[in-house]
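These are my notebook entries on a structure I examined residue by residue. I began with the annotated positions and then followed the strands and loops around them.

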Amino acid sequence: MNKMPNNPLWLAPMADITSWPVRKMFFRVGVGLAHTEMVASRALMEGHSSAFYSLQRHHDEGPLVLQLFSGDVASLLEAAQEAFRISSFEALSINMACPSKKVMASGGGASLINRPHVAAEMIRQAKNLGFPIWVKTRIPSRNLKDVASWCDLLISAGAKNVALHGRTVSQGYKGSSDRNIIGEVARAFPGKITGTGDVFTSDDVLDYLEKGCIGVLVARGALKDPFIVLDALAKLGFRNDRKATFEFQREIFRSFLSDLCQVKDNLAMHLLRRFLSCIFKGMPGASQLRSSMARAHGITQAFEIFNSFANNFSDFCAKEEAMNEHRKH
Ligand SMILES: Cc1cc2nc3c(=O)[nH]c(=O)nc-3n(C[C@H](O)[C@H](O)[C@H](O)COP(=O)(O)O)c2cc1C
């Protein structure tokens with residue numbers, strides 16, 4: 001890898017979310033590595049602009065793993081070569097996890113769990129392109145032997161890292177991610193397994209690491225509260241000069257919005273709405289700000305609304321403090 005992760009808390013791949021403005025925000029908050037959203041190999045080869053947008057990397061980002069999905073070896077190889085020609089990444093992650101009907105019908109995503117020979121061939125041939133190959137997958141069943149032999153196949157074929165979600169395909173997001181089974185496999189393949197599934201608190205992160213995972217992916221937990229990353233890093237004992245103060249939240253959001261102004265308006269508004277409810281949690285004036293921003297016509301207007309809020313921020317804080325004092329007496 002050109003850039004090395006400086007901590008084991010990593011941003012998971014999330015379709016329609018983890019493009020560069022979101023990743024950059026999470027690197028500022030402190031994640032050690034991030035993934036692109038999954039990119040369809042065919043979309044890249046057919047020249048879809050959304051696929052090229054997903055490949056964009058900002059110079060301020062830390063270690064970045066590209067995720068591709070494909071139902072066949074040839075298109076995976078072609079897309080991987082094209083992607084690494086256009087942009088730089090620390091590794092290629094092959095998606096063998098996505099349970100969506102569309103992705104599985106293409107022969108990619110989690111359907112590869114049922115086609116182990118194709119999965120292994122993808123890894124073997126992609127490895128020859130000269131960059132580290134990672135895999136993201138789900139457990140094939142709740143049986144330890146099945147899970148271990150699936151991971152053994154992937155690692156023997158040359159996968160340097162397997163991000164394992166402890167749910168089966170048929171589970172979707174129901175029930176819980178089987179953290180114990182991930183732990184057993186992590187101990188059987190030291191240094192190779194990253195844990196993913198139900199990471200909502202710093203204790204969840206710690207648990208995966210204590211069970212032997214080399215990294216932990218934060219996904220829905222980061223959408224609920226991006227600052228979970230700060231808590232988790234503090235708990236893990238990583239030196240972190242960032243604190244979840246209102247000023248820090250405001251600065252993170254200001255830079256996120258300014259980055260969003262550089263992408264297409266519909267995409268920017270989609271990402272803004274995704275993070276609007278969580279990013280100002282607990283902040284003075286937040287609900288007022290949220291409702292004004294939700295009514296914004298376009299990202300430029302949203303940024304203007306935010307700026308006038310940010311300029312009056314000290315007043316908001318002073319008012320909130322006065323209210324709190326008043327409530328106490
Ligand atoms: C909105 C959303 C989009 C996702 N997109 C991808 C994806 O593109 N590729 C992938 O491998 N996993 C994807 N995932 C799965 C996550 O990376 C993660 O493995 C999963 O959500 C389990 O972690 P969690 O329970 O902590 O959310 C997605 C999850 C969510 C919530």
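Which residues is Lys 136 in contact with, leaving aside its neighbours within four places in sequence? I looked this up in the model, which is predicted. The contacts of Lys 136 are Pro 13, Gln 67, Ser 93, Asn 95, Met 96, Ala 97 and Ala 163.

**Entry 1: Lys 136 and Gln 67.** I noted that Lys 136 is found in strand β5. I counted Lys 136 as buried because 28 other C-beta atoms lie within 10 Å, and the cut-off for a buried residue is 20 or more. Gln 67 lies in strand β3, residues 64-69. Gln 67 also counts as buried, with 26 C-beta neighbours inside 10 Å. Not counting residues up to four places away in sequence, I found that Gln 67 touches Pro 13, His 35, Thr 36, Met 38, Val 39, Ser 93, Asn 95 and Lys 136. I then checked the record: the unreviewed UniProt entry has a "binding site" annotation that covers Pro 13, Met 14, Ala 15, Gln 67, Lys 136, His 165, Ala 219 and Arg 220.

**Entry 2: strand β5.** I examined how well residues 133-138 are covered, and 6 of the 6 residues of β5 are buried. On one side I recorded Ile 133, Val 135 and Thr 137, and on the other Trp 134, Lys 136 and Arg 138; both faces are covered. I followed the pairing next. β4 and β5 run parallel and are joined by 5 bridges, and Met 96 has Thr 137 as its bridge partner in β5. β5 also runs parallel to strand β6 (residues 161-165), again with 5 bridges. There, Trp 134 stands opposite Asn 161 in β6. Between β5 and β6 the chain passes through helix α7 (residues 144-157), and I recorded this β-α-β crossover as right-handed.

Entry 3: I located Cys 98 in the loop between β4 (91-96) and α5 (101-105). Is Cys 98 buried or exposed? I counted 23 C-beta neighbours inside 10 Å, so Cys 98 is buried. Beyond its neighbours within four places in sequence, Cys 98 is in contact with Met 38, Phe 69, Val 103, Gly 109 and Ala 110.

**Entry 4: the ligand shell.** I listed 22 residues around the ligand, of which Ala 12, Met 14, Met 38, Ala 219 and Arg 220 come nearest. β2 (33-40) and α10 (220-224) each supply at least two of the shell residues.

**Entry 5: two aspartates with positive phi.** Most residues other than glycine have a negative phi. I noted a positive phi of about 65° for Asp 16 and of about 60° for Asp 198. Asp 16 lies in the loop between β1 (9-11) and α1 (20-29), whereas Asp 198 is in the loop between β7 (193-196) and α9 (202-210). Asp 16 is partly exposed, with 14 other C-beta atoms within 10 Å. Asp 198 is buried, with 21 such atoms.

**Entry 6: Gly 282.** I placed Gly 282 in the loop between α13 (265-279) and α14 (286-294). With 9 other C-beta atoms within 10 Å, Gly 282 is exposed.

Technical notes:
Residues are numbered from 1 along each chain as its sequence is written. This is a predicted model: local features need pLDDT of at least 70, side-chain atom pairs count only at pLDDT 80 or more; totals for chains, interfaces and linings use all residues. Helices (H or I, at least four residues) and strands (E, at least two) are DSSP runs, numbered from the N terminus. A residue is buried if 20 or more other C-beta atoms lie within 10 Å of its own, exposed if 12 or fewer, and partly exposed in between; C-beta atoms are placed from the backbone. Two residues are in contact if their C-beta atoms, placed from the backbone, lie within 7 Å. Two strands pair if DSSP finds at least two bridges between them. A crossover is right-handed if, with the strands pointing away from the viewer, the path from the first strand over the helix to the second runs clockwise. A residue is near a molecule or strand if its C-beta atom, placed from the backbone, lies within 6 Å of it. UniProt positions are given in the numbering used here, feature names are shortened, and annotations may be inferred rather than shown by experiment.
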